[in-house]
Amino acid sequence: MSEPSYHETADGRQIAYHKTEGKGPGVIFLGGFKSDMEGTKAIALEDWAKAQGRAFLRFDYSGHGQSSGEFTDGCIGDWAADARSVIEAVTEGPQVFVGSSMGGWIAAILSREIRERFAGFVGIAAAPDFTEDSMWRDFSDFERAKLNRDGLVLLPSDYGDPYPITKKLITDGRDQLVLRRPLPMKFPVRLLQGTADADVERDVALNLLDHIEGDDVRLTFVKGADHRFSDPACLGLVKRMVEEVLA
């Protein structure tokens, strides 16, 4: 694993990133909740970009991977700000944003803030508004009371240690919701969703599709694919969707 470069945000957070030089529009990978830039999808897309001579960027939000900070200090707004800061600092011109899970929510936020930087969007099991429409919705009365009292609850995870969910994450998430009004995306959009995804319900993909306002928006369900969406067939589909957006 090569050493990353670092970008310092206006708030003093050190964001680790790897940038591949190449032709534009570049491709940016936005990872998921408690994920990092060394995941299978990020590396596969980087290898594809290098083979294509295409500019590419992957990075870690603060409190994730090799970036500074503690995970429990962050929230959706912070991670969107991290993404915007590093993107504006180290890339030029329009980019294709590839958002995995939470990264799809981050991309949707950025599409409103820096719309001129979007050449396209590929969502992989995109999970907009999940802090409110999944976590908070599914909390028991006990968990809600504990969160309000202690500021933290632990949720079981299929990917390792329990997820520490903070009151800050839930409260800030309400300020970042993107599915309460139309979401203009006047660029090519490709949404990918596995039917065996145990983390993001199919209705989330359909709701996102319905909220996006654009002339070139498609949703593809992949039978049997899970939330990781990282087996060879799924990775091949992701690459084809990026190529389609770039065409």
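Colleague: Which orientation do H1 and H8 have to each other?

Modeller: In this predicted model, helix H1 (residues 40-52) and helix H8 (residues 232-246) pack with their axes 10 Å apart and at an angle of about 50 degrees. Angles under 35 degrees would count as roughly parallel, and 65 to 115 as roughly perpendicular. H1 and H8 are therefore oblique.

Colleague: How many nonpolar, polar and charged residues does the contact of H1 with H8 have?

Modeller: On the H1 side, the contact is made by Thr40, Lys41, Ala44, Leu45, Trp48 and Gln52. H8 contributes Leu235, Val238, Lys239, Val242, Glu243 and Leu246. By class, the residues in this contact are seven nonpolar, two polar and three charged.

Colleague: Is Arg54 buried or exposed?

Modeller: Arg54 lies in strand E4 (residues 54-59). Beyond its neighbours within four places in sequence, Arg54 is in contact with residues including Glu21, Trp48, Ala49 and Leu246. Its relative accessible area is 12%, and the cut-off for burial is under 20%. Arg54 is therefore buried.

Colleague: Why do the buried residues of H7 line one face of the helix, and within what arc do they fall?

Modeller: The buried residues of helix H7 (residues 202-211) are Ala205, Leu208 and His211. On the other side of H7, Asp203 and Asp210 are exposed. The buried residues line one face because, seen down the axis of H7, they fall within an arc of 130 degrees.

How values were computed. Residues numbered from 1 in each chain as written. Predicted model: local features only at pLDDT ≥ 70, side-chain atom pairs only at ≥ 80, totals over all residues. Heavy atoms only, no water. Buried < 20%, exposed > 50% of the residue type's maximum accessible area, 1.4 Å probe, protein only. Helix = DSSP H or I, 4+ residues; strand = E, 2+ residues; numbered from the N terminus. Arc of directions from axis to C-beta. Axes fitted to C-alpha atoms, helices over the stretch in contact; angles between N-to-C directions. Parallel < 35°, antiparallel > 145°, perpendicular 65-115°, else oblique. Contact = heavy atoms within 4.5 Å. Nonpolar A, V, L, I, M, F, W, Y, C, P; charged D, E, K, R; others polar.
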